[in-house]
Amino acid sequence: MVALGLDQSQHLEPGKAGSKRWAREDSDRNRGGGGGGGQKKAEPPSRTEDLNRRKTLERVPQPARRERPDESETESDFELQPASDVESPGVVRHEHVEVIVAGRADVTIRRLHDRRFVKLWADEDVRCFDAVVKWKAFNKEASKEKALTVFCPKFRAADAIVSVIYGVEQWDYILRFKKSKHEDAAVLARNEFERRLCKRGVVMEHEQSKEKSSTIYVKLLVPFHVLCVEARTLKLMFRLKEPPYPLPADAHPKKRTGLFSFGHYHLDLNVQHAVLDSKNLSNYQFKLLQKDNTYKFVDCESQPAHVVRTKFFEERHRILIAYNLLDQIEIKLKTNQRFRCEGIHYLIDHRFYTDMYPVHQSDDLDDDVEKMDAKTRLAQAQNHEWTLRTRLINGFVKSRQQPIDLMRDYFGEKIALYFVYLQFYNHWLAGSSVFGVIVFIFGIVVTVVNDDNSATDWHHLFDNALSPYFALLMALWSVLYLRYWQRRNSYFSIKWATHTFEASTIQRHAFEPAGKRLSPITGKIELHYPSYKRHIRQFISFLATLPFVGLVIATVLAQIAFIAWLQNTYHTSEQGTALAASLIGLVSIQICRRCYRPVALRLNEFENYKSEDGFERALVVKNWCFEFLNIYSHIIYFAFVRPFLTGATILGFPRHEADCEKDICSADVTLELIIIFLGDQAVDRMEEILLPWIVNKFRSMRMAFRKVVPDEKHWPQYYKDERRQANEGLDDDYFQKAIQYGYVTMFVTAFPLAPLCAYINNVFEVRLDAYKMLKVLRRPPSFPA
């Protein structure tokens with residue numbers, strides 16, 4: 001049992017601890033070298049400094065105070081205007097933006113180095129920082145663990161402050177911005193945002209880049225007591241060491257395996273989870289809703305305080321909580337004579353900050369692992385001598401293993417569930433591929449036996465006597481596949497304790513309300529946009545989409561005209577004509593897709609959705625409806641329209657009598673499906689592999705032209721992650737699987753090898769997606785699912 005001797009009020013309200021202080025300017029603290037330069041506590045400025053500061057800040061008279069309905073701040077506010085409208089590199093113009101900041105800066109600054117300083121809020125945190133710096137000066141050979149042992153029982157934020165002074169192994173989140181001479185509004189907005197973030201208990205360090213002095217990294221580390229409060233707010237579930245109601249061994253369901261289960265669904269019902277109780281942190285216990293039922297955390301009994309504080313929350317928890325804190329902080333702005341509260345996403349879009357991202361684990365071991373033999377690599381992986389990221393690279397990318405639980409520990413449940421789906425989908429494709437291969441082999445046997453030498457002889461490899469039975473089998477497969485996926489999804493939601501998770505509604509920063517109203521659900525005042533106005537905008541979006549629908553229809557007509565022209569001009573064979581037409585169809589599909597995607601995004605923004613969920617749902621509907629028409633219209637024409645054309649001409653070209661014969665139309669459908677299906681997957685894989693590789697090579701070449709090229713191997717990990725591409729989420733990956741599922745189910749009788757081709761593609765895609773997330777892209781926030 002661990003006892004910290006902390007006051008409960010410190011855990012419940014970390015933002016209210018400590019009196020307010022003035023923040024002295026960085027130049028006043030430039031002691032030069034070492035961590036001892038910040039031992040002296042900040043003092044209030046003199047009257048002259050106070051007057052000078054107010055003259056530079058008070059650019060307009062103070063307006064009447066305007067509060068948000070749920071505003072809890074009680075400080076007096078005044079508005080500030082930018083000093084100049086001049087644009088500078090990396091900073092947009094803010095001539096229509098006024099930043100509303102508090103009248104006092106309640107942050108204490110302590111300098112660690114010429115390029116680094118720390119921002120603290122509470123008096124206790126400042127005392128802890130000064131005490132650790134002083135203790136380190138007298139105990140120069142003492143380790144970080146020794147400092148944690150000494151200070152964790154005394155100060156609530158000692159786990160974060162000691163880590164900052166001795167060196168942080170893994171920061172929770174990184175913000176980045178570029179300084180400029182003409183960015184008064186940006187400076188004020190950043191200071192106000194960081195002040196409110198520090199008030200929530202976050203320890204913040206600023207570091208000037210070694211490469212560019214104008215680039216500043218804002219590194220965030222969330223102390224343990226803030227993690228506990230936020231974990232309770234988010235209702236994160238943690239495993240109990242002892243279940244509240246233990247069950248006997250014979251009560252557990254037995255492992256079930258079968259043709260359509262592809263693995264066990266066994267759950268240990270004595271492994272249970274509960275929400276963290278932030279009111280009793282000194283003993284590190286859970287408390288359920290029932291009285292007198294208190295249970296301990298797993299592996300936390302008889303552990304020192306600093307071990308629990310630094311090891312209990314996993315990285316995915318820390319990243320999620322840090323992201324949630326960043327997302328909750330809002331500052332007051334005045335745009336176009338309207339007051340509004342905006343958060344971090346608005347600041348990034350308007351270049352107040354340039355980036356925000358969590359940090360990957362160090363990749364220093366990657367080169368050493370490459371040189372190891374298989375036996376040594378396996379031994380070190382089993383002994384957990386590698387970081388979690390290195391183990392994932394070795395497991396997902398370089399071997400046949402798929403450690404889903406490790407992926408969940410590193411990326412969170414949302415991304416891990418995507419790999420669970422890929423694994424499940426591939427298992428089912430493997431079963432349907434077997435039947436597709438049987439149909440193909442049967443076609444080969446029939447063709448050889450009949451010795452058919454007609455022009456469409458190859459088509460009978462796919463269209464034979466087993467095709468109707470295969471179509472019936474795939475119809476049953478598609479139904480059972482969805483039902484068993486629901487079961488698999490429920491299994492992992494219970495195993496990972498996310499079945500009670502409810503995603504909070506996130507308001508879009510680009511939402512433009514038309515007014516306010518009393519919420520019928522919460523009874524509070526909320527921003528509102530009338531539904532009839534959105535319906536009008538949706539109708540306008542529909543009209544704006546019609547030209548793209550016409551473009552798709554035009555590409556189909558152009559394909560038809562090209563076939564007729566080719567047959568009448570060059571008298572080409574049916575197979576050659578169909579092949580050329582299929583390639584044209586593939587190119588037109590890619591062109592129409594890339595033309596419509598940005599337009600769909602702009603139309604979705606025009607419709608002014610309030611929540612992120614509503615915005616994403618509307619965007620998915622737009623993209624899916626268009627892609628269905630764009631991709632499947634070519635195949636639908638050859639399968640269901642062309643056989644029933646009876647006219648003597650097609651678009652003015654003479655029509656051949658053989659165009660309506662069953663074998664020729666069926667062969668054209670098969671060839672069209674093969675070209676479009678395989679070509680579309682090949683283009684997607686090339687984009688995932690070549691595009692990131694080209695971008696990284698371009699960045700490397702650009703850096704090679706500089707006079708001094710630093711050694712990237714010794715850079716901090718957040719320097720390396722800055723040069724990675726941003727992770728755009730999993731929407732495109734799921735979208736590709738939905739299109740592939742349509743190929744496999746709706747047109748599988750024309751090409752029975754479609755499940756096999758999809759399976760082979762997905763086997764490579766699992767490793768490519770893992771490689772891309774671990775080596776190419778930035779680490780995404782660890783969202784639950």
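## Basis of the model

The structure is a predicted model, in which local features need pLDDT of at least 70 and side-chain atom pairs count only at pLDDT 80 or more, while totals for chains, interfaces and linings use all residues. Residues are numbered from 1 along each chain as its sequence is written, and side-chain values use heavy atoms, with hydrogens and water left out.

## The chain as a whole

The chain contains 23 helices and 18 strands; these are DSSP runs numbered from the N terminus (helices: H or I, at least four residues; strands: E, at least two). Of its 785 residues, 48% are buried, where buried means under 20% relative accessible area, exposed over 50%, and partly exposed in between (1.4 Å probe, protein chains only).

Of the contacts (heavy atoms within 4.5 Å) between residues at least 6 apart in sequence, 73% join residues at least 24 apart.

## Helix 15 and helix 16

Helix 15 (residues 413-450) packs against helix 16 (residues 467-495) at an angle of about 160°, and their axes are 11 Å apart. Axes are lines fitted to C-alpha atoms, for helices over the stretch in contact, and angles run from 0 to 180 degrees between N-to-C directions.

Residues making the contact include W428 and F435 of helix 15, and W477 and R488 of helix 16. The contact residues divide into 18 nonpolar, five polar and one charged. Here Ala, Val, Leu, Ile, Met, Phe, Trp, Tyr, Cys and Pro count as nonpolar, Asp, Glu, Lys and Arg as charged, and the others, Gly among them, as polar.

R110 lies in strand 3 (residues 108-113) and is buried, with a relative accessible area of 0%. Its C-alpha atom is separated by 8.8 Å from that of D130, 20 residues apart along the chain. N623, in helix 19 (residues 612-641), is also buried, at 12% relative accessibility. Leaving aside residues up to four places away in sequence, N623 touches Y596, R597, A600 and F735.

R351 is found in the loop between helix 10 (344-349) and strand 14 (355-357). R351 is partly exposed, with a relative accessible area of 30%. The C-alpha atoms of R351 and A186 are 8.1 Å apart, although 165 residues separate them along the chain.
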